[in-house]
Amino acid sequence: MPVPIRRLAVALTLCCALLAGSAGAATAHSDGPHGVPAATAVAAEPSPGTTQERQKFAKTRFVANAALAAGATYQWIWKPYKGGKFKNGARHRKATLVKAALAGAFAYNRLKAAVRNAQGDPTLSKALAPLNTAIAGLKDLPAKLRKGDGSAAGAFNDTINKVKEAGKSAGAPVKDKVPKPSELRSGS
């Protein structure tokens, strides 16, 4: 697709302005006689200092990510599986399998994010510790779903239910939240 000449001119102008600005800043801050720029300290990304700051919203983020994983699993994996839409000869089987594989990858991504969030809260971290291997085992299941393996749907559902129970026991109950199809495609 051809790019309009006006866009190219604007992009070139902006690039030149940025280069000229950075070159001017480097010579203005030179320390030595040969114009070698002096080293400047770059501020690191702020990190939480106290334990309370690290734990801030950990449960909320865990619940949000786990709810999206649970909703995607229920809507696009478990419900079609129970309806027999993964079986050979089922109507729209290929489309259902593609959606299930996308939902599986999305659910795996959100569960990994939920585990990272849970590490900010000691009770959630302890509750989810036994589930790390089960969540890691979900990595290969989207490919199995694409091949029509029905046990993959059961494994997803079992793991989601265990994560829900762990969250409930740690004081962070998880309710299904079905993501939009656009969220599935984008992966987050």
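I began with Lys-87, which I located in the loop between helix 3 and helix 4 (helices are DSSP runs of H or I with at least four residues, numbered from the N terminus). The model is predicted, with pLDDT of at least 70 needed for local features and 80 or more for side-chain atom pairs, while totals for chains, interfaces and linings use all residues. Residues are numbered from 1 along each chain as its sequence is written, and side-chain values use heavy atoms, without hydrogens and water.

I looked up the accessibility of Lys-87 and found the residue exposed, at a relative accessible area of 59% (exposed means over 50%, buried under 20%, partly exposed in between, with a 1.4 Å probe and protein chains only).

Next I turned to the helix pair. Helix 3 (residues 58–82) packs with helix 4 (residues 93–118) at an angle of about 160°, their axes being 8 Å apart (axes are lines fitted to C-alpha atoms over the stretch in contact, and angles run from 0 to 180 degrees between N-to-C directions). Helix 3 is therefore roughly antiparallel to helix 4 (the term applies to angles over 145 degrees). I recorded the residues of this contact by class as 17 nonpolar, 5 polar and 3 charged (Asp, Glu, Lys and Arg count as charged; Ala, Val, Leu, Ile, Met, Phe, Trp, Tyr, Cys and Pro as nonpolar; the others, Gly among them, as polar).

Last, I checked Asn-117, placed in helix 4. Asn-117 is buried, at a relative accessible area of 12%. Leaving aside residues up to four places away in sequence, I listed Ala-58, Arg-61, Phe-62 and Asn-65 as touching Asn-117 (contact means heavy atoms within 4.5 Å).

Notes
Helices (H or I, at least four residues) and strands (E, at least two) are DSSP runs, numbered from the N terminus. Angles under 35 degrees count as roughly parallel, over 145 as roughly antiparallel, 65 to 115 as roughly perpendicular and the rest as oblique.
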